[in-house]
Structures are given as structure tokens and as C-alpha cells.
Amino acid sequence: MHHYDAVDLDLLRGLAADPRASYVALAERLGLSRNTVQARMTRLEAEGALLTFDRRIDTHGLGYPLTAFITVVVRQRELPRIAEQIAAIPEVVQAHGLSGHADLLAIVVCRDTDDLFRVDALLLAIEGVVRTETALSMGELIPYRLQPLVEKVKSGKVRRSAS
């Protein structure tokens, strides 16, 4: 687990506010040298602090306006193979392992309900998938964001666990 210092947090806040900011612009805004910003950004990228750009692509523009959350129950010992097969379905944009009644949560985008029915059938056709349950997104109320969390960490209002 990585711990970010005040400079790292300022850089992350700066990127959250302006994701297209250049190293020079970040350096000027934060009162740092360009070399410092470049070195820090290189380290942050290497540590996995920055997610891929494709998280910013709106699926509506690709013709996939419908988002569904599909919980998947599987035969546990087959989970790695099943996850690999689920990853091969392009409409599955993200999946999480779960505790509780279901084993996986697949976030799926579709063109319409007929397309959703097709994607669900693909999931159910995977050997080891026991059942699925689908919930449709009625609209994104809070878009993916981290800036408020970064600001909370920067303000020191978060207790860090002992490492």
C-alpha cells in the first residue's frame, strides 16, 4: 500500500481538477519545478495511482446508453477461469469479486434491453455460472470521483492504519 505525501496529494488534486494539465501547468499552479512534477508523476504512474484513460470515455457516445449491474453466482473453485471468460465479453466494463450471496458483480453496458438479454445469456452460458440477477441503472446520480476523498486525505482528517 502506497502512502502519498502532501506533494503527491496536491498533484492528484490538480489532475482531478484538470485531467489534461501538462506537467508545466501543474508545476506553475503548485509552485514546483517541472522536473519535480515529472518525477513525481512518473512514480505515481508506476505505483498505479492513476487509472487508465478509458474510464473517461462515455459509453453513451459509443451507442451503449444502458448500464446494468449483474450479480453472478458461480462455482467457487472455478472463479479464476470464469472471471477470464467474463472479461472476454466486451460489454462487461468492470467486475468485482463480492462477499455475500453473489460471487461477482459485473457492470455491463448495452444498446438496449434486447442487447442486455443477449449479454446475460453469454454470462449464463459460461460453464460454472450458476445464476445471475440484474439491476438496471436508472441514471448516474454521483459520477465516479475521487477529488473529495483526496481533499479529505490532504486535510489530514483520515487516520492511517499502522503499516
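Hello everyone, and two notes before we start. The model is predicted, so local features need pLDDT of at least 70 and side-chain atom pairs count only at pLDDT 80 or more, while totals for chains, interfaces and linings use all residues. Residues are numbered from 1 along each chain as its sequence is written, and side-chain values use heavy atoms, with hydrogens and water left out.

Let's begin with helix H1, residues 6–17. Helices here are DSSP runs of H or I with at least four residues, strands are runs of E with at least two, and both are numbered from the N terminus. The expected span of a helix is 1.5 Å times one less than its number of residues. For the twelve residues of H1 that gives 16 Å, and the end C-alpha atoms are 16 Å apart, which agrees.

What caps the N-terminal end of H1? Aspartate 5 does, with a side-chain oxygen 3.1 Å from the backbone nitrogen of valine 7. A polar contact, by the way, is a pair of N or O atoms within 3.5 Å; within protein, one must be able to donate a hydrogen and the other to accept it, and residues adjacent in sequence count only if both atoms are side-chain atoms.

Which residues of H1 are buried? They are Asp8, Leu9, Leu11, Leu12, Gly14 and Leu15. Buried means under 20% relative accessible area, exposed means over 50%, and partly exposed is in between, using a 1.4 Å probe and protein chains only. Those buried residues pack against helices H2 (23–30), H3 (34–46) and H6 (147–155), where contact means heavy atoms within 4.5 Å.

Take the H3 partner. The axes of H1 and H3 come within 11 Å and cross at roughly 85°. That makes H1 roughly perpendicular to H3, a label for angles of 65 to 115 degrees. The axes are lines fitted to C-alpha atoms, for helices over the stretch in contact, with angles from 0 to 180 degrees between N-to-C directions. Across this pair, Val7, Asp8, Leu11, Leu12 and Leu15 of H1 meet Val37, Arg40, Met41, Arg43 and Leu44 of H3.

Now the cores. A nonpolar core is a set of buried Ala, Val, Leu, Ile, Met, Phe, Trp, Tyr and Cys residues joined through side-chain atoms within 4.5 Å. The largest one has 18 residues, and Ile70, Ile82, Ile86 and Val108 have the most contacts inside it. Strand S1 (66–74), helix H4 (79–87), strand S3 (104–110) and helix H5 (113–124) each give two or more residues to this core, and S1 gives the most, with five. A second, separate core of eleven residues includes Leu11, Leu15, Ala21 and Leu44.

Let's stay with S1 for a moment. Valine 72 lies in this strand and is buried, at 0% relative accessible area. Leaving out residues up to four places away in sequence, valine 72 touches Ala102, Asp103, Leu104, Val129, Arg131 and Thr132. Threonine 67 is also placed in S1, and at 19% relative accessibility threonine 67 counts as buried.

Is aspartate 115 buried or exposed? It counts as buried, because its relative accessibility is 10%. Its side chain reaches the backbone nitrogen of arginine 111 at 2.9 Å.

Definitions and conventions: Angles under 35 degrees count as roughly parallel, over 145 as roughly antiparallel, 65 to 115 as roughly perpendicular and the rest as oblique.
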